[in-house]
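Here are my notebook entries on a structure I looked through today. I wrote down what I searched for and what came back.

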Amino acid sequence: MEMYIWNTVIVLSKIVFYVGFVCIAGYTFFKQVFEQSESHNNLAIANLKWIRGSIVIALLANGLWFFASTGAMAEEGIQGAFDPDILAIMWDSSIGDGTLLRTIGLMIAILALISPFKLKSVVLNNYLKQGILVSSLFLLAYTFTLIGHVSELGGGEKVLLMLHVLVMAWWFGALFPLKEACHESDYGQLYSLMDKFGRQASIAVSLLLIAGLWLAFQLVGNVEELFSSSYGQTLLLKLVIVTSILGIAAKHKLKLVPQLKNNDGREALSKSISIEMVVAFAILSVTAGLTSVVGPAN
C-alpha cells in the first residue's frame with residue numbers, strides 16, 4: 001500500500017513536470033509567431049501568464065518527485081522521505097543529479113520570462129531571451145537521459161531520446177497557442193499559421209516516431225516481451241494513443257486546415273485541437289507511468 005502511494009505521487013509529479021516542459025517549448029516557438037502581428041499581442045500575453053504559472057508548479061513538482069523517490073526507497077512511511085541518510089544517498093545518485101539540473105533548467109526559464117533586464121535593441125533582446133529559453137529546453141531534455149531506463153543505454157540512444165522529447169514538447173506545446181489562434185485570428189492568419197505548423201510537423205513528427213520506435217526496440221528487445229511483460233503492454237498502450245493523435249493531426253492537415261481557405265471550419269478545428277490536447281495529456285500520463293512504475297525485463 002505504501003509503495004502504491006509513493007508511486008502515485010511520483011507519477012503525478014512527473015506529469016506536472018512534463019506539462020511545464022511542454023509549455024516552455026510551446027512558448028519558445030510561438031512567441032515569435034505571435035509577435036509578427038500586432039493583433040496577436042493578446043495571445044502572447046495570455047501565453048506568458050500560462051507559461052509562468054506552469055513553470056512554477058513544475059518546479060514544485062520536481063522537488064516533490066525527489067522526496068517521493070526518497071520515501072519510496074526508504075519504505076519507512078512519510079518520515080522516510082526526510083531521512084537524512086537516505087536523502088544524502090539519493091542526492092548523490094542520478095535522481096539527485098536530475099533533480100538539480102531540472103531545478104536549474106526551470107529557474108533559467110523563469111528568469112528569462114520575468115527578468116526586467118532589457119537590451120536597447122529589441123531584436124537583440126528577443127534573440128537573447130529566445131536563446132536562454134532554448135538553453136533551458138536543452139538542459140531539461142538532457143535530464144531525461146539521466147533518469148529511467150534509457151540511462152542504461154549508449155550515447156547514441158541518449159541523443160535520440162533528447163531529440164524525441166524536444167520534438168514532443170514542441171508539438172504538444174503548440175496545441176494551446178493554436179487553439180487560442182482559432183478564436184483570435186482571422187481566417188487568413190489562421191490558415192497561414194496552421195499551414196506553416198503542418199509543414200514543420202511533417203518533418204518533426206517523422207523524426208519523433210523514428211527515434212521513439214528505435215528506443216522502444218532497444219528497451220524491449222523482442223516482440224514476445226512486447227506482449228508478455230507489463231512494460232511491453234504499457235508501451236503498446238502508448239503506441240495506440242500515439243496512433244490516435246497522429247490520426248487527429250492527419251485530419252487537421254488533410255481536411256480542417258484546407259477548409260480555412262474557404263472561411264469555414266474554425267470551430268471544428270478548435271474542437272479537434274481540444275481533443276488533441278486531451279490525447280497529448282494521456283500520452284504524457286502513460287509515459288510518466290512507463291518510466292516510473294514498470295520497467296523492461298532486461
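**Entry 1: salt bridges.** I searched the whole structure for salt bridges and found one. I counted a salt bridge where a side-chain nitrogen of Lys or Arg is within 4 Å of a carboxyl oxygen of Asp or Glu. The partners are Arg-199 and Asp-195, whose side chains meet at 3.2 Å, N to O. Both residues lie in helix α7, four residues apart, about one turn of the helix. My helices are DSSP runs (H or I, at least four residues), numbered from the N terminus.

**A note on the model.** This is a predicted model, where local features need pLDDT of at least 70 and side-chain atom pairs count only at pLDDT 80 or more, while totals for chains, interfaces and linings use all residues. Residues are numbered from 1 along each chain as its sequence is written, and side-chain values use heavy atoms, with hydrogens and water left out.

**Entry 2: α6 and α7.** Next I looked up how helix α6 (residues 155–184) sits against helix α7 (residues 187–220): their axes come within 9 Å and cross at roughly 150°. The axes are lines fitted to C-alpha atoms over the stretch in contact, and angles run from 0 to 180 degrees between N-to-C directions. α6 and α7 are therefore roughly antiparallel to each other (the word applies to angles over 145 degrees). By class, their contact has 23 nonpolar, four polar and one charged residues. I took Ala, Val, Leu, Ile, Met, Phe, Trp, Tyr, Cys and Pro as nonpolar, Asp, Glu, Lys and Arg as charged, and the others, Gly among them, as polar.

**Entry 3: α10 and its neighbours.** Which helices did I check against α10? One was α6, with axes that come within 9 Å of each other and cross at roughly 150°. α6 and α10 are therefore roughly antiparallel. The other was helix α9 (residues 230–260), and here the axes of α9 and α10 (residues 266–290) come within 10 Å and cross at roughly 165°. α9 and α10 are therefore roughly antiparallel too. I noted 20 nonpolar, five polar and four charged residues in the contact of α9 with α10.

**Entry 4: a loop residue.** Finally, I placed Phe-82 in the loop between α2 (41–74) and α3 (84–91).

Technical notes
Helix = DSSP H or I, 4+ residues; strand = E, 2+ residues; numbered from the N terminus. Parallel < 35°, antiparallel > 145°, perpendicular 65-115°, else oblique.
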